[in-house]
Amino acid sequence: MNDQLFVGGIVSLSMTDYPGHLAAVVFMQGCFWRCVYCHNRHLQSVLPGESLPWEDIINLLKAREGLVEAVVFSGGEPLLQESLANAIADVRELGFKVGLHTSGAFPDRLAKILHSLDWVGFDVKHRFENYLEITNILNSGISARKSLDLLIASGVDFEVRMTLYEKIEKSAIVDVLKEISALGVKTVALQKCRDKNENVVEHAIFSDKTLLEDLSKYFDNFYIR
Ligand code: SF4
C-alpha cells in the first residue's frame with residue numbers, strides 16, 4: 001500500500017489509452033509543464049486534499065480483475081511523484097500489465113522504472129529545440145529527448161503521440177517525424193488538438209493527404225486520432 005500518492009481520478013474501463021488492451025486509467029496529480037493546449041489543467045497542481053485514497057484505487061482495481069488487462073498511469077505527469085514506482089509495484093502484484101503516459105519531463109526517474117513497464121505512450125510536442133513554444137518551460141525539449149533515447153534503448157513497447165497544435169508549422173511536424181524515425185521510433189499517432197470547448201481545431205496538415213501518406217512510410221504503424 002502507498003499513502004504518498006496523489007491521484008486525481010480513475011477511469012475504470014478504457015479501450016483507447018493502451019492500444020489493443022482494455023485498461024483502467026489512473027490520473028496522477030501534478031505536472032510542472034504548462035502546455036498551451038493542456039486539457040488536464042486541473043491535474044497540474046498536487047492537491048492532497050482532493051486526492052483519492054490509494055487504498056480505494058486498489059480496491060476498485062481488484063474489482064476489475066478479469067475485466068481489464070492493464071492499468072495505465074496518466075496525468076498530469078505521473079513521474080512527478082517519486083512514489084510512482086511503489087504504485088506500479090502494487091498494480092503488478094494484482095497481476096495487471098502496466099502502461100505509462102509521459103511527457104518525458106523526468107528522464108532519470110523514467111530510467112529507474114522502465115523495467116517495470118509493459119508499454120509507454122510518449123508525447124512528443126514539437127522539434128526538441130522548440131519545446132518552449134508549447135510547454136512554456138526552458139529546456140523541456142532536452143529532458144524529453146533524453147527520455148525518448150532511454151525509452152528506445154530499453155526495448156519497452158511504446159508509441160509516440162504528437163498533438164498537432166494549429167501554430168506548429170507543417171515543416172516542423174515533418175522535421176519531428178523524420179527525426180524520431182531516424183532515432184528508431186516505429187509507431188506514431190498524430191492527435192487532433194481540441195479547444196477549451198472540446199471542439200477539434202484541425203491542423204492544416206490533415207488536409208494534405210499526399211504528405212501524410214509520405215510521412216506514414218517512415219513508420220511501421222502510423223495513426224491519426
Ligand atoms: S505535459 Fe501534459 S499534463 Fe503537463 S501541461 Fe503538458 S499537456 Fe498538460
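The largest nonpolar core of this predicted model has 57 residues, and those with the most contacts inside it are Val7, Ala23, Val26, Ala70, Val71 and Val72. A nonpolar core is a set of buried Ala, Val, Leu, Ile, Met, Phe, Trp, Tyr and Cys residues joined through C-beta atoms within 7 Å. Strand S2 (residues 23-28) gives the most to this core, with 6 residues. In soluble globular proteins, nonpolar side chains tend to be buried together.

**Basis of the description**

- Residues are numbered from 1 along each chain as its sequence is written.
- The model is predicted: local features need pLDDT of at least 70, side-chain atom pairs count only at pLDDT 80 or more, and totals for chains, interfaces and linings use all residues.
- A residue is buried if 20 or more other C-beta atoms lie within 10 Å of its own, exposed if 12 or fewer, and partly exposed in between, with C-beta atoms placed from the backbone.
- Helices (H or I, at least four residues) and strands (E, at least two) are DSSP runs, numbered from the N terminus.

- Apart from neighbours within four places in sequence, Val26 is in contact (C-beta atoms, placed from the backbone, within 7 Å) with Val7, Ile10, Ile57, Val71, Phe73 and Ser74.
- Helix H1 (residues 54-63) has Trp54, Ile57 and Leu61 as buried residues.
- The buried residues of H1 fall within an arc of 55 degrees seen down the axis, so they line one face of the helix; the arc is that of the directions from the helix axis to the C-beta atoms.
- Glu55, Asp56, Asn59, Lys62 and Ala63 are exposed on the other side of H1.
- Strand S1 (7-14), S2, S3 and H2 are the elements against which the buried residues of H1 pack.

- Helix H5 (residues 140-154) has 15 residues and spans 21 Å from its first C-alpha to its last, close to the 21 Å expected at 1.5 Å a residue; the expected span is 1.5 Å times one less than the number of residues.
- Ser140, Gly141, Ser143, Ala144, Ser147, Leu148 and Leu151 are the buried residues of H5.
- Gly155, which follows H5, has a positive phi near 85 degrees.
- In the loop between H4 and H5 lies Asn136, a residue other than glycine with a positive phi near 65 degrees.
- Asn136 is partly exposed, with 13 other C-beta atoms within 10 Å.
- Asn139 is also in the loop between H4 and H5, and its phi is positive, about 65 degrees, although it is not a glycine.
- Asn139 counts as exposed, with 10 C-beta neighbours inside 10 Å.

**Ligand surroundings**

- The residues around the ligand (C-beta atom, placed from the backbone, within 6 Å of it) are Cys31, Trp33, Arg34, Cys35, Cys38, Asn40, Gln44, Gly75, Gly76, Glu77 and Ser103.
- The peptide bond from Gly75 to Gly76 is cis, with omega near 15 degrees.
- Gly76 is placed in the loop between strand S3 (70-74) and helix H2 (84-93).

Conventions:
Two residues are in contact if their C-beta atoms, placed from the backbone, lie within 7 Å.
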